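I opened this notebook to record what I looked up about helix packing and charged pairs. The entries follow in the order in which I made them.

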Amino acid sequence: LEAASSSTGPSSSSMTGLARRVLRSLLNVDDEEIRLAACGALLRVTRTEPCRADLAKTAAEDRASIGLRLTAAASLSAAGDRNAVRSVLADRTPLSMPSQLGIAGMLAKAGAEGAAILEGLLVSPAPEVQYVAAIALGESGGQRARTALQRFLKGSPTGPGRLGATLGLASTGEAGALAEVKTMLSRLGPYDKLVAARALVKAGDPAGMSAARQVVESDDTTQRLEAAAVVDASDHRLASTVIEKTLGHPNPLLRAHAIEIVGRLGWPSTPASRRLLVDADRRLDALDFGDMLQTGHVLNRWINRPMV
């Protein structure tokens, strides 16, 4: 899914054609979240996919989980339908704290709805929730995030809550917070150091790129990949070495993360990403029933029928 989503584009290259074929095959797997995500990726490219109706139906389905409804709504939003997300968030279904964090993180960069959820989580009694919410809110950017984080810090939080709020405030470009995180760099772990590095790079401080390079050398593969995405602006060779190596990693989650970063950086497709797509196309070929069976009741009846 990540390889195909990152390789689609407006061109008619063989790579794009292969990626679209893989995405269409993924519309037939027995995993609703994967089907919705594949449909959303196709919708961003073609704008005319028949699965737009299925996404709208899922987003409005009261019996579907809030996560699935928001996945569908986010795909519709990316295709230009902003009302889908607002409609889902208007549902006052009680959410667990992890669900709120996941939803808010997904929506924080999409508008005020996600920011409002994150602001509410800042007053959580759990410092670890304050930490995650503050960083997500800060990286969403904007004056609203800065004001909320400044107000939170005036309450003198301690521990993870204060650290997250300081990092988040630095991410908004606030000068005092940027100066503070710069003095903290040597004491931060890979994840926190990378948050600080992104904030400093955004502010034009060379210390940010230096910190990102340190994370590239860490043992945390996930953070190394994210740091490589930051370093790419100044050292493409180093970034490509780290990312290309991870594209061949035995862990499929790390390969998917590397593919997602390739797409985020706008790199042309790599030999490793093409191998992943060719392999996916071969494995999924048995599920490609053709356009008529890709959506709707016929597909659902096929997936749910007993094995014969």
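Entry 1. I began with R144, which is partly exposed at a relative accessible area of 44%; buried means under 20%, exposed over 50% and partly exposed in between, with a 1.4 Å probe and protein chains only. I noted that the model is predicted, that local features need pLDDT of at least 70 and side-chain atom pairs pLDDT 80 or more, and that totals for chains, interfaces and linings use all residues. Residues are numbered from 1 along each chain as its sequence is written, and side-chain values use heavy atoms, with hydrogens and water left out.

Entry 2. Which residue meets R144 in a salt bridge? I found E119, at 2.6 Å from N to O. A salt bridge here is a side-chain nitrogen of Lys or Arg within 4 Å of a carboxyl oxygen of Asp or Glu. E119 belongs to helix α8 (residues 112–121) and R144 to helix α10 (residues 143–153), so the pair links distant parts of the chain, 25 residues apart. Helices are DSSP runs of H or I with at least four residues, numbered from the N terminus. By the salt-bridge rule I recorded a count of 7.

Entry 3. I then looked up D205, which forms a salt bridge with K182, the closest N and O atoms being 3.0 Å apart. D205 lies in the loop between α13 and α14 (206–216), and K182 lies in helix α12 (residues 175–184), so this pair ties together parts that are 23 residues apart in sequence. K182 is partly exposed, with a relative accessible area of 39%.

Entry 4. The side chains of R264 and E226 also meet in a salt bridge, at 3.0 Å from N to O. Because R264 is in helix α17 (residues 252–265) and E226 in helix α15 (residues 221–231), the pair ties together parts that are 38 residues apart in sequence. Is E226 buried or exposed? I found E226 buried at 14% relative accessible area, whereas R264 is partly exposed at 44%. Salt bridges that share partners join E226, E260 and R264 into one network.

Entry 5. Last, I examined helix α9 (residues 127–140) and helix α13 (residues 190–202), whose axes come within 11 Å and cross at roughly 25°. That makes α9 roughly parallel to α13, a term for angles under 35 degrees. The contact (heavy atoms within 4.5 Å) is made by Y131, I135 and E139 of α9 and by Y191, D192, V195 and R198 of α13.

Key:
Axes fitted to C-alpha atoms, helices over the stretch in contact; angles between N-to-C directions. Helix = DSSP H or I, 4+ residues; strand = E, 2+ residues; numbered from the N terminus. Parallel < 35°, antiparallel > 145°, perpendicular 65-115°, else oblique.
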